[in-house]
Amino acid sequence: MIVSTTSRLEGRPTKEYLGIVTGEVIVGANLFRDLFASVRDIVGGRSGAYEDVLQRAREQAIGEMRMRAATLGANAVVGVDLDYEVLGSNGSMLMVSASGTAILV
């Protein structure tokens, strides 16, 4: 399935618009990851643990969006937007959402 942030696919005319599809993933932050990330912030550098969690969450949200598009009979999703939100009373969770328009090309 083609997934694109553009509003249309060049050279592939849209036959049918099937509707908006979404995928959401909420992940909790781990105490040990938090501890190592704060140490890394103090000494400088990137937080590989958080980057890995973020990448997996993004891939899962896009995968869920693709599955929902496929159930509508789509073979592509265009206009994809990714959003990130911190949740929880102490910001201990991260939500990643992907949304787009399911189409048939």
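Trainee: Where do Glu64 and Arg68 lie, and how far apart are they in the helix?
Mentor: Both lie in helix α2, four residues apart, or about one turn of the helix. Helices (H or I, at least four residues) and strands (E, at least two) are DSSP runs here, numbered from the N terminus. Keep in mind that this is a predicted model, where local features need pLDDT of at least 70, side-chain atom pairs count only at pLDDT 80 or more, and totals for chains, interfaces and linings use all residues. Residues are numbered from 1 along each chain as its sequence is written, and side-chain values use heavy atoms, with hydrogens and water left out.

Trainee: Thanks! What do the side chains of Glu64 and Arg68 form?
Mentor: They meet in a salt bridge, 3.1 Å from N to O. The term means a side-chain nitrogen of Lys or Arg within 4 Å of a carboxyl oxygen of Asp or Glu.

Trainee: And how many salt bridges does the structure hold?
Mentor: Two. Arg68 also forms one with Glu24, with the closest N and O atoms 3.5 Å apart. Arg68 lies in helix α2 (residues 48-71) and Glu24 in strand β2, so this pair ties together parts that are 44 residues apart in sequence.

Trainee: Which way do β2 and β4 run?
Mentor: They run antiparallel, joined by 12 bridges; Val27, for instance, has Leu94 in β4 as its bridge partner. β3 and β4 also pair in the antiparallel sense, over 10 bridges. β1 and β3 run parallel, with two bridges.

Trainee: Last one: where is Ser4 found?
Mentor: Ser4 is in the loop between β1 (2-3) and β2 (16-28). Ser4 is buried, with a relative accessible area of 15%. Not counting residues up to four places away in sequence, Ser4 touches Leu9, Val77, Val78, Gly79 and Val80, where contact means heavy atoms within 4.5 Å.

Definitions and conventions: Buried means under 20% relative accessible area, exposed over 50%, partly exposed in between (1.4 Å probe, protein chains only). Two strands pair if DSSP finds at least two bridges between them.
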